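Hi there,

Here is the structure we talked about handing over.

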Amino acid sequence: MSLAEAHRISSIDFSRFKRVALCHRPTPIEPMNRLSEHLGGPNLFIKRDDCTGLATGGNKTRKLEFLVGEALSENANMLVTQGAVQSNHVRQTAAAACRFGLKCHAVLERRVPRNDDFYEGSGNVFLDMLFRATFEFRSAGLDMNAEAENAARRLRQEGHRPYFIPGGGSNTTGALGYAACAEEIVDQSAGTGLDFQWLVTATGSAGTQAGLIAGLTSLGHDLPVLGISVRQPRRQQVAVVHGLASDLLKILAGRPMPASKVQVDDGYVGEGYGIPAESTLEAIRLTASLEGILLDPVYSGKGMAGLIGLVRRDFFKPSDNVLFLHTGGSSALFAYIPQIVEAYS
Ligand SMILES: *Cc1c(COP(=O)(O)O)cnc(C)c1O
């Protein structure tokens with residue numbers, strides 16, 4: 001069924017979940033005419049979740065509406081979370097904490113093999129400092145959610161009232177934000193009569209893709225959501241997205257979800273998390289120079305590289321309307337100035 005028809009059939013009842021307002025909603029859907037023309041492919045559109053409005057925007061803001069709602073209902077006075085050093089999630093969590101007069105403490109993983117001043121002092125880390133978040137660092141490869149939970153336990157013993165948020169805000173509470181985004185996309189489609197055949201997004205900690213799939217499924221819509229992995233091999237990423245989507249669909253609609261709904265392409269990871277591949281840098285440059293839109297070197301740049309690669313491989317029909325979800329992250333560009341300057345010189 002088309003998105004416009006799905007709109008008339010059902011809606012998701014979010015009123016039973018605690019939620020605060022953090023996000024500029026709805027974020028616009030815009031055509032990318034010049035990029036579409038340049039690639040000679042299908043009609044490309046972009047959903048501007050880089051414009052969610054909180055501290056340079058991004059996809060974690062939608063998740064934080066539900067996570068902070070739950071934190072406040074539990075009388076927390078501190079948000080505790082984890083991420084890579086240049087985490088967009090930590091930056092948005094720190095900003096959300098400020099909005100509600102909460103403290104924020106983050107455990108940062110040195111997941112990317114860099115410790116230069118740009119990486120550890122600019123971009124998101126700089127903004128975390130501006131929001132007065134406190135942090136502690138870890139070396140790569142630990143169970144970071146366990147590290148952050150331990151930190152939360154310690155902070156509780158010290159007299160704080162911490163609320164633990166897993167990496168990327170990706171549990172069922174956070175993923176609700178992207179079930180709500182799915183409904184927003186269906187509403188926008190109905191409002192404009194513009195139907196989409198594909199939704200493409202970067203996928204990392206999985207809450208975004210899982211929330212979108214669970215949301216669309218509970219609305220009775222089967223718009224395929226293709227995740228471009230930024231880190232993990234396809235099989236692992238599918239398992240993580242499927243697990244979370246299925247848990248969320250049980251909450252929303254009382255039933256699990258088949259794994260066949262989860263589509264992931266892992267061809268654009270490059271050397272690893274946080275290391276831009278050549279295709280990432282090309283995607284950033286093309287999208288900037290043709291559309292005036294900023295992507296990032298860790299997530300949305302790889303997501304867009306995936307979209308561009310699929311167009312070039314004729315994955316889509318020429319008549320398709322393909323919606324790219326811009327998940328934000330441009331603050332991290334400043335942590336990658338040397339690499340980007342070198343690549344473009
Ligand atoms: C976190 C993040 C993603 C990935 O979203 P997940 O829900 O973690 O899969 C994509 N893009 C940006 C910019 C992000 O910060």
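Predicted model: local features only at pLDDT ≥ 70, side-chain atom pairs only at ≥ 80, totals over all residues.

Residues are numbered from 1 along each chain as its sequence is written, and side-chain values use heavy atoms, with hydrogens and water left out.

**The largest pocket**

The largest pocket holds about 710 Å³ of space. A pocket here is an open set of points on a 1 Å grid over the protein atoms alone, where a 1.4 Å probe fits, with protein on both sides within 12 Å along at least five of seven lines; lining residues have an atom within 4 Å of a point. The volume is the space filled by probe spheres set on the points. Of the 37 lining residues, Gly 167, Gly 168, Gly 204, Ser 205 and Arg 231 are the closest to the centre. Strand E3 (78–84) gives the most to the lining, with 3 residues. Helices (H or I, at least four residues) and strands (E, at least two) are DSSP runs, numbered from the N terminus. The lining has 11 nonpolar, 19 polar and 7 charged residues; Ala, Val, Leu, Ile, Met, Phe, Trp, Tyr, Cys and Pro count as nonpolar, Asp, Glu, Lys and Arg as charged, and the others, Gly among them, as polar.

**Two helix pairs**

Helix H9 (residues 207–218) packs on helix H10 (residues 234–253) at about 40 degrees, with the axes 8 Å apart. Axes are lines fitted to C-alpha atoms, for helices over the stretch in contact, and angles run from 0 to 180 degrees between N-to-C directions. H9 and H10 are therefore oblique to each other (angles under 35 degrees count as roughly parallel, over 145 as roughly antiparallel, 65 to 115 as roughly perpendicular and the rest as oblique). Their contact (heavy atoms within 4.5 Å) includes Ile 213 in H9 and Leu 248 in H10, and its residues divide into 10 nonpolar, 5 polar and no charged.

The axes of H4 and H6 cross at roughly 15 degrees, so this pair is roughly parallel.

**Two backbone details**

The peptide bond from Arg 25 to Pro 26 is cis, with omega near -10 degrees. Asn 75, in the loop between H3 and E3, has a positive phi, near 60 degrees.

Best wishes
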